[in-house]
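I am opening my notebook for a new structure. I will go part by part and write down what I look up.

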Amino acid sequence: MIQDTASSAAAPRPWQLPAAIAAALLVGFGITVLVSAEPWRAWLALLTGALPDIRFSDAEGWQVRRLVRFGSVIEEAITLTFLGLAIAIPFRARQFSLGADGQMFLSALAAAAVSLALGGMGYGAFAVLPAAFAAAVLTGFTWGLVPGWLKARYGANEIVTTLMLNLIAVQLYRLVITQWMNDPNAGFLTTPVLPAAALLPNLLPRTNVSAMLFLVPFVVLGAGLLLTRTTVGYEIRTVGQAPAFARQVGMPVKRTVVLSMALGGIFAAFAGVHVSNALLKRLPVDLTPGMAFEGLVVALLARNEPRAIPMAAFLYAYLRAGAQAMERTSDVSREVVLVIQAFIILFVVSERLLPATWSPARLLQWVRAPRAPKEAR
Amino acid sequence: MNTASQTLELRNVSKRYANGTLANDGVNLSVVRGEIHAIVGENGAGKSTVMKMLYGLEQPSSGEIVLDGRPVAFRHPRDAIAAGIGLVPQHIELVPSFTVADNVVLGSEPRRGPWLDRTRAADEVRATAERFGLDVDPSASVRDLSIGEQQRVGILKALHRGARILLLDEPSAVLPPQQVQALFAALRQMAAAGLTVVLITHKLAEVREVSDRFTVLRGGRVTGCLASRGASESQITEMIVGRSVAPLRVQRVQARSALPLVSARRLSVLRDDGRMPLQSVSFDIAAGEILGIAGVEGNGQAPLAEVLAGLETPAQGDVRLGEQLVSGQGPRAVRAAGIASIPEDRLHDGVALGMSVADNAMANRYHRPPLSRFGWLFARKAHDEAQHMLKEHGVVARSADAPIGSLSGGNMQKVVLAREIAAEPRLLVASQPTRGVDIGAAQVLRQRLVALRDQGAAVLLVSSDLDELLELSDRIAVLFQGRIVAHFAAGTVGARELGLYMTGLREQAGAAATLDAPFTPHSEEVSA
């Protein structure tokens, strides 16, 4: 089996993530002690607040409460998984594309438009859902081609172009909803509610956890196979690891750069469908931009490794729900939790700064690495 | 001091790395004040580990380091520097826009108030340079210096920090032959002035030429310590590899009457700033022939190799392989036409360091059957092929899944060559194929090149190792300032004569290395 090597280059250690989280939680607890009169209670709320409450009483038998909150954890974890993948794929080609936000907005719009159109004509779920997915995926892919092409053709920095394209995408989304898809009966600016045939089946009552959950493992597996088992994925990894080498052996480096951003768009499209056809069931004009940056954090936590992304997404969503619980039930503000999240990310991402991994051998390697002066151009 | 003559000693030093590798096993080494002591051995023999311990980058697992009769423990390079030990790394990092003096005093600047005292800096540097006979102009800008001069700046820097013992890590590897001589002269003068020099090398000629004594390492153990005078080359070789290496006997090929397989005509490369690193270069290579390119580095070898590999489009001229035009077509088309290439900078262009051996081994063939079909990679097939390659080429690697960065330089290069040969090329462009590779592996690599030639491929061999060029090439062309200035048949020319053309002291007007071009006439004074 071909080793998945971006991770091996970063030399991950199995204890690293848990250690980083433990260290961050410890620091976070230290902060809580400083700001709270009842740090233990607050801390417990953070750690367990996202869990459903299962109780047994003689009068009512088994009861599960607070399922809504746990549902929201799962909902968010699903969106973040897709967005994490959308960021991770171009990152593996060393393209710092931040365009997942725009891709998600336009994909959601495309999915909603197709759902409304086909659902309105009375087609069933087996026609409407695949069509909605197809429209979204196509939109995400195409929107990703734009910064890729700008980079490959004109050398335009992808960080700048994707951020600008995000703004354009969000305004385009608002324009379309305000002008052409507005539901006059809603009382606020939004599309009509999507027809039932376009909605993903619900799994947990009183939540929006849908059948999308079953799709997640397949999408993650697909992303993993894309990277390890296809020529395009191999090109993406090689271009990301050693661009000069990729060029030397004749890989189509520019095409790979473009494709990495476009392929990331496919995963952002799944997030878009999840938002429109499962979570909200309609698209309000004021859908909040910026989710993709949480996807960026998830990708960083998972070190761009598809298999690790669902775990990272769940952890992130779990902490966020816990944060809300902490805020509600104690005197600690939500900002403290944001600080702790930041610590976790900092600890994981700055693995190279940990003293245990610093070694003189590495330094010497660096000193001796051949940097013979090349002929100046 | 009763043990005054023993400046630096390792007593029974062993070093086991955290990953379990035993890099040094009971090493005893004694360096006497005022001598030049060479540490010799193949890659992976433990030379670098010895040096790291002497410079405080690594600490011995057992045994002790003794300096002037007192045991010392260097926890950090600054301890070693304080004790008078200086390291000159192989690739010296200097600030190109600074002067020599600025670079030398960087980190320990003489000050006047809060300001850098530049006059005093220049004076100090000049004084140090004169004392040790290092010929450097303190006010010159580093960007204008040759590599040899930059190396002297590196040495000056160590001396300026008060080094009494200089550690040099393969200092000649980056230098053209003439500058090596200058370096050695400087080292001898420093030793005469009372400095102690410890030199790491794997070139036998250097051991005998410059060092007073040498210590040989093999597999982490000391296999001998001798005075250089009187030691024969085969004796040293045997200590290094544990057997004596028979010189490669290469049957020469006479291709004068053959049809060229590769023909390049009037190739020129033009840079944006108007410079022409390659000027009107013409050559042919017949099938089954090795054309060697000699030259001091930076005289057009790199652009030539890049044009042939499709990485660079020539401003003028063209390259044909058989009937097919291959210049300016891009690397993939060039490779599809049957050109393979071993790039000069192995770590940057030759491998993807973070990826596995298997991923590296398939990089030039992954896009077609049998390794992939319709964009789907057959990972199992690629893995098996890589595993087979490792076995066939005698590559020492844990498995095909191991990151290629974990292999030694020689083994890495074997993978590179195996990959290029696997594409069954009609022309192989080999740039510095054995650079930084130990003797045993270099021999294997050279045999592979000759075997490829004997199967009917054309080989363009670019090497700064003259012995290698003279040993392998059927014809040799010399590049100087982007032009071919001489063209010789195998066996008719020696390193000394090549050197005259490489340094521009002599040139044949309008020389070309086409099959019908005349050979450069020999000059009497050289053959005399």
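**Entry 1: domains of chain B**

Which domains does the assignment of chain B give? I noted domain 1 (1-84 + 164-244), domain 2 (95-160), domain 3 (260-338 + 425-527) and domain 4 (348-422). I keep in mind that this is a predicted model. I also looked up the C-alpha centres of domain 2 and domain 3 of chain B, and they lie 38 Å apart.

**Entry 2: chain A overall**

I turned to chain A. The chain holds 15 helices and 2 strands. Of its 377 residues, 49% are buried. I then checked the contacts in chain A with a separation of 6 or more. Residues 24 or more positions apart account for 77% of them.

**Entry 3: two helices of chain A**

Two packed helices are described by the angle between their axes and the distance between the axes. I looked up both values for helix α4 (residues 67-92) and helix α8 (residues 212-229) of chain A. Their axes come within 11 Å and cross at roughly 10°. Angles under 35 degrees count as roughly parallel, so α4(A) and α8(A) are roughly parallel to each other. From α4(A), the residues making the contact include Ile74(A), Ile78(A), Phe82(A) and Leu85(A). From α8(A), they include Leu213(A), Val216(A), Val220(A) and Leu227(A).

**Entry 4: the nonpolar cores**

Next I looked up the largest nonpolar core, which has 203 residues. Among the members that touch the most others are Leu83(A), Phe267(A), Leu427(B) and Val478(B). Helix α11 (residues 253-280) of chain A gives the largest share, 16 residues. Domain 3 and domain 4 of chain B both give residues to this core, so it lies between them.

I followed Leu83(A) further. Leaving aside neighbours within four places in sequence, its contacts include Ala100(A), Met104(A), Ala271(A), Gly295(A) and Val298(A). Another core, of 65 residues, lies apart from the largest one. Leu57(B), Ala158(B), Ile200(B) and Phe214(B) are among its residues.

**Entry 5: a sheet in chain B**

Strands of a sheet pair through backbone hydrogen bonds, either parallel or antiparallel. I found an open sheet of 4 strands in chain B, with the order β14-β13-β16-β17 and antiparallel pairing. Its edge strands are β14 (278-286) and β17 (324-325), and each pairs on one side only. Strand β13 (residues 260-269) and strand β16 (residues 316-321) of chain B pair over 5 bridges. Arg265(B) stands opposite Asp318(B) in β16(B).

**Entry 6: a hairpin in chain B**

I moved on to strand β23 (residues 475-480) of chain B. 6 bridges join β23(B) to β24(B), and the two run antiparallel. Phe480(B) stands opposite Arg483(B) in β24(B). The hairpin has 2 residues between the strands, and Gln481(B) takes a positive phi near 45°.

Why is strand β24 (residues 483-489) of chain B largely enclosed by the rest of the structure? I counted burial: 6 of its 7 residues are buried.

**Entry 7: Ala121(B)**

Last, I picked one residue in helix α4 (residues 118-131) of chain B: Ala121(B). Is Ala121(B) buried or exposed? The cut-off for buried is 20 or more other C-beta atoms within 10 Å. Ala121(B) has 23, so it is buried. Leaving aside neighbours within four places in sequence, Ala121(B) is in contact with Ala101(B), Asp102(B), Val105(B), Glu109(B), Pro110(B) and Leu116(B). I also checked Ala121(B) against Val493(B), 372 residues apart along the chain. Their C-alpha atoms are separated by 47 Å.

Note on methods
Residues are numbered from 1 along each chain as its sequence is written. Chains are lettered from A and ligands numbered from 1 in the order in which they are written. This is a predicted model: local features need pLDDT of at least 70, side-chain atom pairs count only at pLDDT 80 or more; totals for chains, interfaces and linings use all residues. A residue is buried if 20 or more other C-beta atoms lie within 10 Å of its own, exposed if 12 or fewer, and partly exposed in between; C-beta atoms are placed from the backbone. Two residues are in contact if their C-beta atoms, placed from the backbone, lie within 7 Å. Two strands pair if DSSP finds at least two bridges between them. A nonpolar core is a set of buried Ala, Val, Leu, Ile, Met, Phe, Trp, Tyr and Cys residues joined through C-beta atoms within 7 Å. Domain bounds come from an automatic or database domain assignment. Axes are lines fitted to C-alpha atoms, for helices over the stretch in contact, and angles run from 0 to 180 degrees between N-to-C directions. Angles under 35 degrees count as roughly parallel, over 145 as roughly antiparallel, 65 to 115 as roughly perpendicular and the rest as oblique.
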